[in-house]
Amino acid sequence: TVSELAARLHLSRDQVDATMQRLEASGQVLRGQFREASFVKRAATDSPRSAPSTQHSALSGAGAPEWCHRRLLARIHRLTIGILRKEVEPVTASEFMGFLLHWQHVVPGSRQHGEAGLQLVIGQLAGFEAAASAWEPQLLRSRIAKYEPELLDRLCLSGAVCWGRLSPHPRLSQSGDTDRRRIIPTSTAPISLFPRDDSEWLMNAVWGETTTALAEPSSQLSPIAQDLHRVLTQQGASFFNDLVRITHHLPTEVEQGLWELVAAGFATADGFDNLRSLMDPHRRRAEGRERARRPRHAAGRWSLLRGTEPLMVDGQWSSGPDQAISHQPSAIGSSTSTQHSTLSAQVAHQLLRRYGVVFRDLLARESLVQSWRDLLVQYRRMEMAGEVRGGRFVSGFTGEQFALPEAVEALRAIRKASGASSHEIKLSATDPLNLAGVILPGPRVPAVPTNFLVLKDGVVVRAVVGRHGDGLLAVTEPFDSATVERSI
């Protein structure tokens, strides 16, 4: 502190304070609170060279700002991080899997409730793409106690949650001259649920890295889908009946065109019931009992998820991730680097929110991850800032690992309670926790809605695999063929 320096150098406090401010301006020292107040008081009291008046002066400055040389502070910080890393006791892969089941609220005792719980789960799963038909019956129901479709409808219609395909369809990256095959929409089309506030950076993170070179990506769509895309571009959000009236197509043709836009990643809607109306064949044919029959088309409007709508990049509006800076040649490098760093930081935070502990092998199924090297830079910066912990949290995997402080405490609790409760958990293969062949031993189970995993104590004990054309189930090692269940 200034008082301690004044006592040691026999200078006035004003002289020392002015000098320290000049050193701070030159970048040689840093101001902060680096020691506990009790340590400062004890050091001032035990100093034999301080006169009584000086001791009183030092004690009065115990809560004052402290000064430290920049290089010395960096050395102290590195030593502190090294000590914290050595304190970590790694867990096994099965124990880590048990932690993930609790972290993502799949274990019955940790499931969420109501709209607030559903919003928390969607925020945790934001950016992960799964089959459209698997979200409600397999992913959300396993995380929300007493899940009802109306919960998701209210969140979507209120503007809190949005849905759509984030990753570009592979067909859009192919030239129209060499391949004119249509995009065939199915219920297995990958979509994501995410908070509407996160939609911009999520689409930039996924779409921006793999954007197609086509001038008009919609040219790969069918003529009816192109008509709908054109109408939504000109008219904005529109109801289904308005799309039928404006395009002069049959309702079944408009349904097929909208389904194609959804599968290609161009369209979304106000409510999730719009997507249910396309996936449910009985509803599209107006079949079912009168009491249970629902309207064929919901009241929500259809709109474009991406395409011609502007995106905010570095404070400027543009129609693509890189067009806002194309008119500033001198700033292209710095602007692109800043934008890339910002996206990497947002992706790094989202992955920590989803898994609690992050390392490279864990992210094999994540479409958000474009470069582990870029994420590593962000995680090291977050560790230096004290936001995350680094160390060896899961044994058996190479490379650096990072975890949220609350995840570290949860891992310790899981390790202490290992074996206390043993029950089976059935998990969809489309779930982000389908880590068989990723961090768990054995082959990978294809992420399709007809496949399931049964876990016990964090280990896959059975696999429910979809039927093949001969009516038999595929059996893969190391799952014992006697324990493979037949799908119903």
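Two strands pair if DSSP finds at least two bridges between them. Helices (H or I, at least four residues) and strands (E, at least two) are DSSP runs, numbered from the N terminus. The model is predicted: local features need pLDDT of at least 70, side-chain atom pairs count only at pLDDT 80 or more, and totals for chains, interfaces and linings use all residues. Residues are numbered from 1 along each chain as its sequence is written, and side-chain values use heavy atoms, with hydrogens and water left out.

**Exercise 1. Describe the hairpin of S14 and S15, and state which residue in its turn has a positive phi.**

Step 1. Strand S14 covers residues 452-456 and strand S15 residues 459-464; the two run antiparallel and are joined by 5 bridges.

Step 2. Within this pairing, Val454 has Arg462 of S15 as its bridge partner.

Step 3. The hairpin leaves 2 residues between the strands, and Asp457 in the turn has a positive phi of about 55 degrees.

Step 4. Contact here means heavy atoms within 4.5 Å. Apart from neighbours within four places in sequence, Ser94 is in contact with Asp457, Gly458 and Val459. Ser94 itself lies in helix H6. Its relative accessibility is 23%, so Ser94 counts as partly exposed (buried is under 20% relative accessible area, exposed over 50%, partly exposed in between, with a 1.4 Å probe and protein chains only).

Step 5. Ser94 is also 9.7 Å from Pro441, C-alpha to C-alpha, although 347 residues separate them in sequence.

**Exercise 2. Determine which elements pack against the buried residues of helix H9.**

Step 1. In H9 (residues 149-157), the buried residues are Leu151, Leu152, Asp153, Leu155 and Cys156.

Step 2. These pack against helix H7 (114-125), helix H8 (135-140), strand S4 (161-164), strand S5 (190-195) and helix H14 (273-279).

Step 3. For H7 and H9, the angle is about 70 degrees and the axes are 10 Å apart (axes are lines fitted to C-alpha atoms, for helices over the stretch in contact, and angles run from 0 to 180 degrees between N-to-C directions). H7 and H9 are therefore roughly perpendicular (angles under 35 degrees count as roughly parallel, over 145 as roughly antiparallel, 65 to 115 as roughly perpendicular and the rest as oblique).

Step 4. From H7, Gly114, Glu115, Leu118, Gln119 and Ile122 meet Leu151, Leu152, Arg154 and Leu155 of H9. This contact comprises 5 nonpolar, 2 polar and 2 charged residues (Ala, Val, Leu, Ile, Met, Phe, Trp, Tyr, Cys and Pro count as nonpolar, Asp, Glu, Lys and Arg as charged, and the others, Gly among them, as polar).

Step 5. On either side of H9 a positive phi occurs. Gly159, which follows H9, has a phi near 90 degrees. Lys146, in the loop between H8 and H9, has a phi of about 55 degrees although it is not a glycine. Lys146 counts as exposed because its relative accessibility is 79%.

**Exercise 3. Give the strand order of the open sheet of 3 strands.**

Step 1. The order is S3-S5-S4, with antiparallel pairing.

Step 2. Strand S3 (130-131) and S4 are the edge strands, each pairing on one side only.

Step 3. S4 and S5 are joined by 4 bridges, and Gly164 stands opposite Ser192 in S5.

Step 4. H7 lies across S4 and S5, running at about 120 degrees to S5.

**Exercise 4. Identify which residues touch the most other members of the largest nonpolar core.**

Step 1. A nonpolar core is a set of buried Ala, Val, Leu, Ile, Met, Phe, Trp, Tyr and Cys residues joined through side-chain atoms within 4.5 Å.

Step 2. Of the 61 residues in the largest such core, Phe96, Leu100, Val357, Leu362, Tyr379 and Ile439 touch the most other members. Helix H6 (residues 93-103) gives the most to this core, with 7 residues.

Step 3. Leaving aside neighbours within four places in sequence, Ile439 is in contact with Ala93, Phe96, Phe359, Asp361, Leu362 and Phe397.

Step 4. Another core, of 48 residues, lies apart from this one and includes Cys156, Ile183, Leu193 and Phe240.
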